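I opened this model to look up a few things about its chains. These are my notes, in the order I made them.

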Amino acid sequence: MANLTINGKALNLDVEPDTPLLWAIRENAGLTGTKYGCGIAQCGACTVHIDGVATRSCGVTVSEADGKQITTIEGLAANGVLHKVQQAWIENDVPQCGYCQSGMIMAVAALLKDNPKPTDQDIDDAITNICRCGTFQQVREAIHAATSV
Amino acid sequence: MNKHVAPQLNRRAFVVGTATLGTGLALGLDIPFGGPSIVRAADGSPEVNAWVVIRPDDTVVIRIARSEMGQGTLTGLAQLVAEELECDWSKVTTEYPSPAQSVARKRVWGEFSTGGSRGIRTSQDYVRKGGATARMMLVQAAANEWKVPVTECTAADSVITHTPSGKTTTYGKVAEAAAKLPAPADVKLKDPKDWKIAGKRLKRLDTSDKVNGAMVYGIDIKLPGLLNAAIKDCPVTGGKLKSYDEAKIASMKGVKKVLKVGDSAVAVVADTWWHAKSALDALPIVWDEGENAKVTSASIAQWLAEGLESGPAYVGNQSGDAKATLAGAAKKVEAVYNYPYQNHATMEPMNATALYTADKCEVWCGTQNGEAAFAAVLEGSGLPADKCDVHKQILGGGFGRRGQTDYVRQAVDIAKQMPGTPIKLLWSREEDMQHGRYHPITQCKMSAALDADNNLTALHMRISGQSILFSLRPEALVNGKDPATFAGLNADGDAAFGYTIPNLLVEHSMRNPHIIPGFWRGVNVNQNALYVECFMDELAHAAGEDPLAFRRKLLTKHPKNLAVLNAVAEKVGWDKPAPQGVHRGLAQYMGYGSYVAAAAEISVTDGTKIKVHRIVAATDPGYAVNPAQIERQIAGSFVYGLTGLFYGGCTVKDGRIEQTNFDTYNSMRINEMPKVESIVMPSGGFWGGVGEPTICVAGPAVLNAYFAATGKRIRSVPLRDQNITFA
């Protein structure tokens, strides 16, 4: 059993402590917005926030996340209001297939918390998620749009 | 080389598939629009016809048969229907009909297959007619209600107006009556210049659920009592499963069953996928890898190299006498190129969920070909068409991979061994990397003759390597020849060769290693464009001419090719010097009915680090249904194409693909992304595709710029294997 706090809710989940957090989120907590892409922390599709830090959840065990605040894509909007990154994604029509975008949005949201007005270089350094559709140009435009107001 | 045999399984699957659908295919696309009795959608709303359902609140539900995998076809097709329907775009929503519904209704929705950049271009006519027919029936219903001549009524934004009286009603109010009317026989489509919804830069219809985690992909399916399966297929294609030691994992947590799948794979079924995968990793498995285990990348390369020089070859395009002209040439230029296997690496690994009972088999999956998936369900379950169905999900990437149904068949094979229990089969990324349907491997020898005035008088192009159709669609071979191999090299058609060369010979020595090839976004134009456009650059250099001027002379009889080339040259500023340290390269090609060109600006450090500063890309797809989405396809295609160029090779050792995950099979990141400036220049009169064509000019434009920067030719892909990478 594990005690995880996901999107502000304390959950008691029947899961072994060495299970990757990704699978506890998807299969035990039932939150499928966080995606499996590689399982080796390469692609970033499974990015969530752990105590506010963008983290690839396939590379973290349940026990390592114990007692920490986990936020998934489902918990990014606050009180029904979309996060400005989600809003910018809609306004700039960013997603194509969309599968990587949960992780992309979580990575960008964490970047903007630390760096409210990132330069192109800051974006290049911080955002290392894979998108096979190739939405990078729209991702960059949307980040700038989200931070220009 | 007996060891290079094509797997038989795929051929059998296809034959059964076509036989199953034979009745439907025979009926063709004779689409009944509407009819005397009302067909109702699941919520009870009337179908005006198969394409259009209108709810009482004026919501318009447009049926989309093709699959959405990110390319925007769902939005584009809806725009075309809505344009003719004259409905309120803000009230449009879409839904997928299922393949079983389509088969039961004599294939009323036509083709489901979504590949070859065909989603819009091969269905635009009948979906627009679907929208126009529905509009005419709705207006007629209003005229009937008002007892006025239909010619006095008009429709716009889902509102019907009787012009003389000013009376109005809405589509939602007359849909029931419209659904009972006979479909009009004479349907006239709008001139595209009058489009108000189609042709506009509208936003996608499927974005909101993609930013909050709500979109359900195949991997996200939840069903009561669902169990999860992880699978390992024999790492060497053509090999078999010999044995496994189930006792070793029987007590592991959550494990429900260990199963043989087909004759080459083993699956573990457990309560969660993580349990299934963990147990599968601990399961001792013995494979009979067979003869193919001796194959390596080197043995394949040697076999293909032999095909460049000797043995039989199919002729794809021929004029004049290229060989004789070459023999008497003032100057002869030769070069050998090669292009590797590549995995699609969709972000969502292959998966399918199947539920089998004695009298029903249902599958939930992302597929680019609903009808082929349906055929796989029929074949796997042994049940008739009225007892099977496929519930299509939004795809987490397709790129051609999900046109195949191997993963669907596996899910059914597992579910059939556990009747009554829904089984979600998910491949690990490692399984996905090792059991792809890879971009075919080829080599190409280019030989050209220049006369004393440096005019190009002959080109001989001999391709040696793999045929996709041989493995996946052998019935499409023509007297053994794979016509698709010659994409962009044909004398005419939607993938024609643009250059006019008096003596031309294009041929293919077909050699099929055991690695199963597939349709990889762009397919055969990828390597053919690279061969032709890099070699054109070599010829320009040999002739002492500017690469743009050299191409222009040869394109005078192909003004559309010339127009896109000129467009990128102008926008990149070809006639002006590039910024200090920056070098340029060009490429043009035709594929999927569209004309495309690119200009790249790059800088090179130490000969090994390439920074792609800027890409200018042009496409003439005939008609542009949504320019904003086309621009996104173009930008994305450069990510796919440049990833292929820099990182894309899959290599073979001991008969198996060596790359296992994104650590060994890299993919471009945002820091490597050049700015892509798109020029969408539809010239009208034809319908070309947009998802794929621009990929093929990415590689040659950059390689030609690399030569401009370094004086060195790169004739082998990927650059990773030559220790060249992004700066």
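**Ground rules.** I noted that this is a predicted model, in which local features need pLDDT of at least 70, side-chain atom pairs count only at pLDDT 80 or more, and totals for chains, interfaces and linings use all residues. Residues are numbered from 1 along each chain as its sequence is written, while chains are lettered from A and ligands numbered from 1 in the order in which they are written.

**Chain A.** I looked up the secondary structure and found 6 helices and 5 strands. Helices (H or I, at least four residues) and strands (E, at least two) are DSSP runs, numbered from the N terminus. From that end, the order in chain A is β-β-α-β-β-α-β-α-α-α-α.

I then checked the radius of gyration, which is taken over C-alpha atoms; the globule rule is 2.2 Å times the number of residues to the power 0.38. Chain A has 15 Å, in agreement with the value near 15 Å for a compact globule of 149 residues. Its C-alpha trace spans about 45 × 30 × 25 Å along the principal axes.

Of the 149 residues of chain A, 58% count as buried. A residue is buried if 20 or more other C-beta atoms lie within 10 Å of its own, exposed if 12 or fewer, and partly exposed in between, with C-beta atoms placed from the backbone.

**Chain B.** I counted 17 helices and 28 strands here. The radius of gyration is 27 Å, close to the 27 Å from the globule rule for 727 residues, so chain B is as compact as a globular protein of that length. The C-alpha trace of chain B spans about 80 × 75 × 50 Å along its principal axes. Of its 727 residues, 58% count as buried.

**Domains of chain B.** The assignment gives domain 1 (31-190), domain 2 (218-290 + 350-426) and domain 3 (312-342 + 437-726). Such bounds come from an automatic or database domain assignment. The centres of domain 2 and domain 3 of chain B, taken over C-alpha atoms, are separated by 38 Å. Their contact takes 10 residues from domain 2 and 11 residues from domain 3. Two residues are in contact if their C-beta atoms, placed from the backbone, lie within 7 Å.

**Strand S15 of chain B.** Which strands are joined to S15(B) by bridges? I found 4 bridges to strand S18 (residues 423-426), running antiparallel, and 5 bridges to strand S16 (residues 360-365), also antiparallel. Two strands pair if DSSP finds at least two bridges between them. In S18(B), B:Lys424 is the bridge partner of B:Thr353; in S16(B), B:Lys360 stands opposite B:Thr357. S15(B) and S16(B) form a hairpin with 2 residues between them. In S15(B) (residues 351-357), 6 of the 7 residues are buried, so the strand is largely enclosed by the rest of the structure.

**Where the chains touch.** How many residues of chain B are in contact with chain A? I read 45 residues of chain B in contact with 46 residues of chain A. On the chain B side, the elements giving two or more residues are helix H6 (273-282) and helix H16 (627-647). The largest share, 8 residues, comes from H16(B).
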